[in-house]
Amino acid sequence: MLYLWEIIKSVILGVVQGITEYLPISSTGHMILVNEFLHLNFDSDFVNTFFVVIQLGSIMAVVVLYFKKLWPFDFKHTTSSERKKVWILWSKVLVGCIPAGVVGILFDDFIDAYLYKPMVIALALIIYGIIFIIVESCHITQSMNTLEDIDYITAANIGLFQMLALIPGTSRSGSTVIGGRILGVSKEAVSEFSFFMAVPVMAGATMLKLLKCGFGFNMIQWVVLLIGTLVAFVVSVISIRFLMNYIKKHDFKAFGVYRIVLGILVIVYFGFIK
């Protein structure tokens, strides 16, 4: 019965991961906060690893939904020109991933030890919520409407914004969307570019965590990881489709308001109630 409850918790956390990974509201922040109430009954090393590894489900959601845009080896159904565009897209994505990748490797232990705190998350939620509202209210001219319009300099600059997402509560997708919008990228293009940037960043973070812990999990821990990852995959597919449909008619202001409200609730709970 104890193990069944841990599996149920992993399902709930998988749902939270799937909903929040690609919406600009901070998946890590939500996962940490939800765990305050659920408390996975494992040691802290496994719990920290779970929060990272479960993101594999979200990665696979992007790969499945955008397979044709991301797979450069379809020699049967694509032309050499189309495959070249895929390689160019990947090269831009990798350029954008360099800043966060380097800083993440150098400061991974520091971030784990000092920044995974409720008040840090709350402040990041509020600050970036305000920034979202300001940026979307400025009506910045869109000079890049498609993925092809994003050049290497813009990709690198978006990567600098993504680096800020190493602070829990900031949101990787949120920081890249803000960066892209400030730089003049359309909502649809920057959202898709953010999805694609997630693949190498999150895959690298997952492998780093697994190598650090040496894959030393027992059977129930593997079950919890696999179920949480599968649930995250299914819910991420739904979340991505929702976001792309939503931004066709709306901007990102609602997400900014949500972040501010959630941040205030976190401060009230952890500062005055708990």
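Mentor: Start with E21 and R172, whose side chains form a salt bridge, 3.6 Å from N to O. A salt bridge here is a side-chain nitrogen of Lys or Arg within 4 Å of a carboxyl oxygen of Asp or Glu. Mind that this is a predicted model: local features need pLDDT of at least 70, side-chain atom pairs count only at pLDDT 80 or more, and totals for chains, interfaces and linings use all residues. Residues are numbered from 1 along each chain as its sequence is written, and side-chain values use heavy atoms, with hydrogens and water left out.

Trainee: Where do E21 and R172 lie?
Mentor: E21 is in the loop between helix 1 (2–20) and helix 2, and R172 is in helix 9, so the bridge ties together parts 151 residues apart in sequence. Helices are DSSP runs of H or I, at least four residues, numbered from the N terminus.

Trainee: Are E21 and R172 buried or exposed?
Mentor: E21 is buried, and R172 is too. Buried means under 20% relative accessible area, exposed over 50%, partly exposed in between, with a 1.4 Å probe and protein chains only.

Trainee: How many salt bridges in the whole structure?
Mentor: Four. One of them joins E192 to K69, with the closest N and O atoms 2.9 Å apart. E192 sits in helix 10 and K69 in helix 5 (residues 67–70), 123 residues apart. E192 counts as buried at 13% relative accessibility. K69 is partly exposed at 38%.

Trainee: And what does R181 meet in a salt bridge?
Mentor: E136, at 3.1 Å, N to O. R181 is in helix 9 and E136 in helix 7, 45 residues apart. Both R181 and E136 are buried.

Trainee: Stay on helix 7. What does its buried side pack against?
Mentor: Its buried residues pack against helix 2 (27–38), helix 9, helix 10 and helix 12 (253–273). Among those buried residues are I121, L125, Y128 and F132.

Trainee: Switching to aromatics. How many pairs?
Mentor: 18. Rings of Phe, Tyr and Trp (its six-membered ring) pair if their centres lie within 6.5 Å; planes under 30 degrees apart count as stacked, over 60 as edge-to-face and the rest as tilted. F132 and F252 have centres 6.0 Å apart and planes at 35 degrees, so that pair is tilted. F132 is in helix 7, F252 in the loop between helix 11 and helix 12, 120 residues apart. Both F132 and F252 are buried.

Trainee: What about F217 and W222?
Mentor: Edge-to-face, 4.9 Å centre to centre, with 75 degrees between the planes. F217 counts as buried at 14% relative accessibility, whereas W222 is partly exposed at 30%. Ring pairs link F217 and W222 with F42, F46, F50 and F51 into a cluster.

Trainee: Last topic, the core. Which residues touch the most other members?
Mentor: In the largest nonpolar core, of 41 residues, they are V62, Y66, V93, F193, F195, F196 and I240. Such a core is a set of buried Ala, Val, Leu, Ile, Met, Phe, Trp, Tyr and Cys residues joined through side-chain atoms within 4.5 Å. Helix 10 gives the most to this core, nine residues.

Technical notes. Helix = DSSP H or I, 4+ residues; strand = E, 2+ residues; numbered from the N terminus. Contact = heavy atoms within 4.5 Å.
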